[in-house]
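This briefing concerns a pocket, a sheet with its helices, and a cavity. Please consult the sequence and the structure shown here before reading the points below.

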Amino acid sequence: MKAIQLKEPKNFQRIEIEEPKSPAPGEVLVRVDRVGICGTDLGGYLGKMPFFSYPRIPGHELGVEILEVGPDVSNVKPGDRCSVEPYINCQECYSCRRGYTNCCRHHKTLGVMCDGGLTERILLPARKMHLANNLTAEQCALVETLAIGCHAVNRGNPKPPESVLIIGAGPIGLSAVEFAKLSGAKTIVMDMVDSRLEFVRNKMGVPDTILTTGDGEEIKQLEALTNGELADVVIDATGSNRSMAQALNYCAFKGRLVFVGITQANVELPHAPALHRRELDILASRNALSSDFTRIIQLIESGEINTDPWITHRTSFDSMIDEFEQFTKPETGVIKAVVEVH
C-alpha cells in the first residue's frame, strides 16, 4: 500500500507499507480521501516544528470514509464520511480525566508524533471519528484547521463590544478570524503580506486590517480602530518569537493574549510597562476539543462558515512531493492546499 514519508526535513519519499489489519474493538478502518496541508506540515518539512519527529508519514487534516468497524463500534458505520480528530489522548492522565483531552500528558498528533494519513487506508480510534455525511471530503479535511482557531478564540473568550486582533493571516490565523467574527467582537487582522490581508478583506469580509511594515505605525493604526484602547483580545498565530514578544504592546489594559503559534525560540516579554501595568492574561492554546469539531461541522452544514474561499491549491497524491515546496512560499498565494488521495 502506498504512502508518503518525510524521512527528514525537505526529504519526502514514496514508500510501500503493509495493509492494515481488520479493526480491533474500538477501532475503524478508513479510506483516506483528502489530506489538508497546514503550518505544522510545513514546519515539519522545513525542520522548524518542535513536536515533529522523523521519519514520519504526515497527514492530520483528514477527510475519510469508513470501510470497516471493529467490534462494539456504534458511532459510525461503513460508508460514512467523517472528519478525523487527530489528537490521540491516553484517556487516563490528569488532563484527560478533567476533560482537557487536547493537552493530554501522553498526547500524540497523527502525522506529527505518530504516522498519519498520507496513505491509502489507516486504522484509527472510532472515538476520533466525527460524522459528516453532509460535508464533502475536502470540507472534512478543513475541520481540523478550523478547530485550532475555534479553540484559540475560545481561550481568549471575546464578547461584544470587545475587539480582537489576530496577528498572522496564515491558515491558523484565518481559522481564528472565522470564530472571532462569530463571537460578535470587532475583528482586526495584522500581517506582513498585503495579499493575505487582501484575502481577509475580499474573501472573509473583514475590512479592518493592518499591514506590518516595520516602521512602528502598527500601534497607531490599532488605536485608530479601537478608539485608542488597543485590543481586548490579541491572538498571535505567527509562530515568530519576535511577533509574540511584540504582541503584548497591542493589548488593552486588562486584555488577554493568546499564543496559538509555536516557536522553538525563547519569547522575551516586556514585564513592567506592558504585562504588569496592564495586568494582562497570557494564555496558550493547544489543539482543540471534540466539541469544537462537532460545532464546526454544524456551522459548515448550516452555511455559517463558507469553506469555498479556503482551498486555493490542490495536488494529487502522485504529484505532492514535486509540488510541496511551493506551499511553503507565501508569494504563491497559497491559503490551504489539499492532497487528493482518492
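The second largest pocket has a lining of 14 residues, and Asp 115, Gly 116, Thr 119, Ile 122 and Leu 123 lie nearest its centre. The model is a predicted one, in which local features need pLDDT of at least 70, side-chain atom pairs count only at pLDDT 80 or more, and totals for chains, interfaces and linings use all residues. Residues are numbered from 1 along each chain as its sequence is written, and side-chain values use heavy atoms, with hydrogens and water left out.

**Second largest pocket**

- On a 1 Å grid over the protein atoms alone, a pocket is an open set of points with protein on both sides within 12 Å along at least five of seven lines, and lining residues have an atom within 4 Å of a point.
- The volume of the second largest pocket is about 170 Å³, a volume being the space filled by probe spheres set on grid points that are joined across faces, edges and corners.
- Strand β8 (residues 121-125) supplies the largest share of this pocket's lining, 5 residues; strands (E, at least two residues) and helices (H or I, at least four) are DSSP runs numbered from the N terminus.
- The lining of the second largest pocket comprises 10 nonpolar, 2 polar and 2 charged residues, where Ala, Val, Leu, Ile, Met, Phe, Trp, Tyr, Cys and Pro count as nonpolar, Asp, Glu, Lys and Arg as charged, and the others, Gly among them, as polar.

**Sheet and packed helices**

- An open sheet of 6 strands has the order β12-β11-β10-β13-β14-β15, with parallel pairing; two strands pair if DSSP finds at least two bridges between them.
- Its edge strands, β12 (209-211) and β15 (281-284), each pair on one side only.
- From one strand to the next, the twist averages 20°; axes are lines fitted to C-alpha atoms, for helices over the stretch in contact, and angles run from 0 to 180 degrees between N-to-C directions.
- Strands β10 (residues 163-167) and β11 (residues 186-191) run parallel and are joined by 5 bridges; Ile 167 has Met 190 as its bridge partner in β11.
- Helix α3 (residues 137-156) packs on the sheet, touching β13 (231-236), β14 (251-259) and β15, and its direction makes about 150° with that of β14; contact means heavy atoms within 4.5 Å.
- Helix α8 (residues 271-278) lies across β14 and β15, at about 100° to β14.

**Cavity**

- A cavity is a set of grid points where a 1.4 Å probe fits but cannot get out, and the count is 1 cavity of 30 Å³ or more.
- The largest cavity holds about 60 Å³ of space, and its lining includes Leu 6, Phe 12, Asp 41, Leu 118 and Phe 324.
- Strand β3 (residues 27-37) gives the largest share of that lining, 3 residues.
- The lining of the largest cavity has 8 nonpolar, 2 polar and 1 charged residues.
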